[in-house]
Amino acid sequence: MGLLGFSSPLVVAVFCLVLNAASLVNGGKTSSFVRKVEKTIDMPLDADVFQVPPGYNAPQQVHITQGDLVGKAVIVSWVTVDEPGTNTVVYWSENSEQKEQAEGKVYTYKYYNYTSGYIHHCTIRHLEFNTKYYYVVGIGHTERQFWFVTPPEVGPDVPYSFGLIGDLGQSYDSNVTLTHYERNPRKGQTLLFVGDLSYADNYPCHDNNRWDTWGRFVERSAAYQPWIWTAGNHEIDFYPEIGETVPFKPYSHRYHVPYRASGSTAPFWHSIKRASAYIIVLSSYSAYGKYTPQYKWLEEELPKVNRSETPWLIVLMHAPWYNSYNYHYMEGETMRVMYEPWFVKYKVDVVFAGHVHAYERSERVSNIAYNVVNGLCSPVKDLSAPVYITIGDGGNLEGLVTNMTEPQPAYSAYREASFGHAIFEIKNRTHAYYGWNRNQDGYAVEADSMWFLNRFWSPIDDSTTADS
């Protein structure tokens, strides 16, 4: 008799396959939390969060982002309405009385019957690492002062925390999400935003006044810490019926990124280093097939990542590759087919996406063995693969997604239809702590969490369902 009493090797092989399949049938956890179903409503135009700052030509919609590859520069952006005013930013470090200044540029655009205010972008360069700076905009008219803190110098064991929000919009729920993020005691130092900002395109003729209200809404955070931008489908603003045929026009005028610093040819895909992280931003809505600029850039970018310098490799995109909700199901599939083998080869630690208005965290899985004829087309456990997290639960007016595929697939570790945000907190080169907070809980309460073990320095199983 053979193994387990079977005499046929074929029967043994079939039995082993059945055992293996059985181990992959059941997914992780679908949250039992039941959120009260309420219609998501945008805040009215006279809401206090949209208030125009007082004073003649007062700068508004102030926001910052990283301005170079390593964190020694900051792009300061703001809008003036009455006239262009100056493009000057005055800035100084906390421990210095010497004030410096930098000069920027001003832009405007038209969209259908809307004409923008004067959009200013100014890059402050040659900053010191790990230093608090104050800055003033509106020189010569109504001056407004803000501050930011530069990151520590890039290095393998530098602790740093990133906030995560996606698909925010400007509803009452959006305001709760941003408030929860601001009051989270773990304090994100830089926000990674995974796309879909204002949802202005949900209004008649893509009412660009809603880009202005959104800019004023997020200023309370985005003026004080960098928001790292990812373009989503609601940033495309392609509307040929009203003569608007240039994709991303409002977004690309308002939100600048340092794409040239990483050798990118367009602002929709680029990379930065920040503390101990290497962050790659991809565009789900720009061409990504073979021979395209984004493909060529990523092909050359991934080998540049030095895990002895930046151990944590993080990718941001908008459309998720692994999504067990019926909403936007498999929309990221073609991009996954193109790029997932690279993500496994270069041991990406985590991929954050939005688009689906709910929350989900995957196991470490890959689906890269299929070659048309072999039939190997199911995700399998892969310790070289990233964890995929969908965090498109910012609170926009389109509301929550509650319709999930059943049964929960094996690759899905945790999923829940709630609004919220997350914090990814790097401790050192081997460990990072991740927590997701739903809006209905207290500011310090985590509904889902995980200790990440770095794929390069500690490539062992860190699954939260490994023992279940």
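I take helices (H or I, at least four residues) and strands (E, at least two) as DSSP runs, numbered from the N terminus. The model is predicted, with pLDDT of at least 70 needed for local features and 80 or more for side-chain atom pairs, while totals for chains, interfaces and linings use all residues. Residues are numbered from 1 along each chain as its sequence is written, and side-chain values use heavy atoms, without hydrogens or water.

**Second largest pocket**

I looked up the lining of the second largest pocket and found that E9 gives the most, with 3 residues. Strand E6 (105-107) and strand E9 (118-124) each supply at least two. The lining has 19 residues, and Ile-75, Thr-123, His-256, Val-257 and Arg-260 lie nearest the centre. A pocket here is an open set of points on a 1 Å grid over the protein atoms alone, where a 1.4 Å probe fits, with protein on both sides within 12 Å along at least five of seven lines; lining residues have an atom within 4 Å of a point.

**Helix H3**

I checked helix H3 (residues 209-222), which has 14 residues and reaches 19 Å from its first C-alpha to its last, close to the 20 Å expected at 1.5 Å a residue. That expected span is 1.5 Å times one less than the number of residues. I noted a kink of about 30 degrees centred on Arg-216, the bend being the angle between axes fitted to the seven residues ending there and the seven starting there. In H3, 12 of the 14 residues are buried (under 20% relative accessible area, 1.4 Å probe, protein chains only). Arg-216 is one of the buried residues.

Conventions:
Buried < 20%, exposed > 50% of the residue type's maximum accessible area, 1.4 Å probe, protein only.
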